[in-house]
Amino acid sequence: MNLNLTMWYQAGVFFILALFTMKFVWPPLIGAIDARRQKIADGLAAADRARTEAQVAEKRVQAQLASAGEEGQKRVLDAEKRAQLIIDEAKNTASAEAARIIAAAKAEADNQVTKAREELRDQVATLAVKGAEQILKREVNAAAHADLLGQLKTEL
């Protein structure tokens, strides 16, 4: 009987230990396991969200890079157009300046030709008067015959 009582005693102790374990040990362990499970699930969800956000951010970066590339190309084209306009403007300015210089040179040449003609006319008139003087063997007064000399200049 002693064996039987020991067995009942062991069964009671086991039952009390099982109740104690179920009442005081299992709830904190199950809570810790559940908390860890929830923490892992939250971490996985955060990782999924981060992966999705990273994909969205990568797409946004790609779009911004494409936009920046297009903007850069547009700026290069604008700069090339502006440079061409500046070159054309410089050419037009140079052409206008060249035309002005040529016109001034032509006017100066015309003035010099006119002046040379006037001097030549005066010299021819003087020579004509001297020739006439020698032919007539008398002195011709240039002041007295100014009308005649003026007419002679216009004919030359």
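These legends accompany a set of close-up views of the predicted model shown above.

**Reading the views.** This is a predicted model, in which local features need pLDDT of at least 70 and side-chain atom pairs count only at pLDDT 80 or more, while totals for chains, interfaces and linings use all residues. Residues are numbered from 1 along each chain as its sequence is written, and side-chain values use heavy atoms, with hydrogens and water left out.

**View 1. The chain as a whole has two helices and zero strands.** Helices (H or I, at least four residues) and strands (E, at least two) are DSSP runs, numbered from the N terminus. Of the 156 residues of the chain, 3% count as buried; buried means under 20% relative accessible area, exposed over 50%, and partly exposed in between (1.4 Å probe, protein chains only). The chain exposes about 13800 Å², with carbon and sulfur atoms supplying 63% of that area. Accessible areas come from the Shrake-Rupley method with a 1.4 Å probe, and for residues only the protein chains shown count as cover.

**View 2. Phe20 and Phe24 form a tilted aromatic pair.** A search of the whole structure finds one aromatic pair, and here it is: the ring centres of Phe20 and Phe24 are 5.1 Å apart, with 45° between the planes. For such a pair, rings of Phe, Tyr and Trp (its six-membered ring) must have centres within 6.5 Å; planes under 30 degrees apart count as stacked, over 60 as edge-to-face and the rest as tilted. Both residues belong to helix α1 (residues 2–136), where they sit four residues apart, about one turn of the helix. Phe20 is partly exposed at 45% relative accessibility, whereas Phe24 is exposed at 52%.

**View 3. A nonpolar surface patch of about 890 Å² takes in both of these phenylalanines.** Patches are made of residues with over 30% relative accessible area and no salt bridge; like charges are joined within 9 Å, and nonpolar side chains (Val, Leu, Ile, Met, Phe, Trp, Tyr) within 5 Å. Take a look at Val25, a residue of helix α1 that is partly exposed, with a relative accessible area of 34%.

**View 4. Pro27 lies in helix α1.** Leaving aside residues up to four places away in sequence, Pro27 touches Thr21 and Met22; contact means heavy atoms within 4.5 Å. With a relative accessible area of 42%, Pro27 is partly exposed.

**View 5. Asp34 and Arg37 meet in a salt bridge.** Their side chains come to 3.1 Å, N to O, where a salt bridge is a side-chain nitrogen of Lys or Arg within 4 Å of a carboxyl oxygen of Asp or Glu. The structure holds four salt bridges. Asp34 and Arg37 are three residues apart in helix α1, about one turn. Asp34 is partly exposed at 37%, and Arg37 is exposed at 53%.

**View 6. Asp48 and Arg51 form another salt bridge.** The closest N and O atoms of this pair are 3.2 Å apart. About one helical turn separates the two residues because they are three residues apart in helix α1. Asp48 counts as partly exposed, at 39% relative accessibility.

**View 7. Glu97 and Arg100 are joined side chain to side chain by a salt bridge.** The N to O distance is 2.4 Å. Both residues are in helix α1, three residues apart, about one turn of the helix. Glu97 is partly exposed, with a relative accessible area of 36%, and Arg100 is also partly exposed, at 48%.
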